[in-house]
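Here is a short briefing on one protein. Have the sequence and the model open as you read.

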Amino acid sequence: MRMEIVFGHGVRLCILGLLGLALVGCGRPSHELDTAPVSGKVTLDGKPLPQGMVYVIPSKGRSSKALIQEDGTFVLSTYRAGDGVQVGNHAATVTALPADEGDAQSRKLRVPVPRRYARPATSGLRIEVKAGEDNEVEFALTSTSNEK
């Protein structure tokens, strides 16, 4: 004996509606704030900074970070690789990568970044991130002889 299940028009609409609601929930998680793509370049005394990290620190929400490439360029990420930074005006910092004491190559490549750039209160670096735009920024750092 063969059994068939027949759905009425109302039941079909209800199932389609539930499927639609399930798909809406598949977007960005609700705890994630809006971000926009941000890329840029870091220079030290006019030359590309060949390594280090860039951090963007919002007043609320999650910080963003990027590894500086050999040519001084970087692409910031907050929740996922390359997703950018929260929309708004934020403080930024740049730090050198610490040398690995066991790796002579790392010590040779390490570039000292003045300490003032490692703290939001003293870096003087800010970034304005606008929604719907590919934001680009350049951080022009300078070294000073009186810093240790």
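**Contacts, fold and side-chain pairs**

Of the contacts between residues at least 6 apart in sequence, 64% join residues at least 24 apart. The model is predicted. The protein holds three helices and ten strands.

**Overall layout**
- From the N terminus on, the order of elements is α-β-β-β-β-β-β-β-β-α-α-β-β.
- The protein has 148 residues, and 31% of them are buried.

**Aromatic pair**
- A search of the whole structure turns up one aromatic pair.
- The ring centres of Phe74 and Phe139 are 6.1 Å apart and the planes sit at 5°, so this pair is stacked.
- Phe74 belongs to strand β6 (residues 73–75) and Phe139 to strand β10 (residues 135–141), so the pair ties together parts 65 residues apart in sequence.
- Phe74 and Phe139 are both buried.

**Salt bridge**
- The count of salt bridges comes to one.
- In this salt bridge the side chain of Arg80 meets that of Glu32, at 2.9 Å from N to O.
- Arg80 lies in the loop between β6 and β7 (85–86), and Glu32 in the loop between α1 (9–24) and β1 (35–36), so the pair ties together parts 48 residues apart in sequence.
- Arg80 has 46% relative accessibility, so Arg80 counts as partly exposed.
- Glu32 has 7% relative accessibility, so Glu32 counts as buried.

Technical notes
Residues are numbered from 1 along each chain as its sequence is written. This is a predicted model: local features need pLDDT of at least 70, side-chain atom pairs count only at pLDDT 80 or more; totals for chains, interfaces and linings use all residues. Side-chain values use heavy atoms; hydrogens and water are left out. Rings of Phe, Tyr and Trp (its six-membered ring) pair if their centres lie within 6.5 Å; planes under 30 degrees apart count as stacked, over 60 as edge-to-face and the rest as tilted. Helices (H or I, at least four residues) and strands (E, at least two) are DSSP runs, numbered from the N terminus. Buried means under 20% relative accessible area, exposed over 50%, partly exposed in between (1.4 Å probe, protein chains only). A salt bridge is a side-chain nitrogen of Lys or Arg within 4 Å of a carboxyl oxygen of Asp or Glu. Contact means heavy atoms within 4.5 Å.
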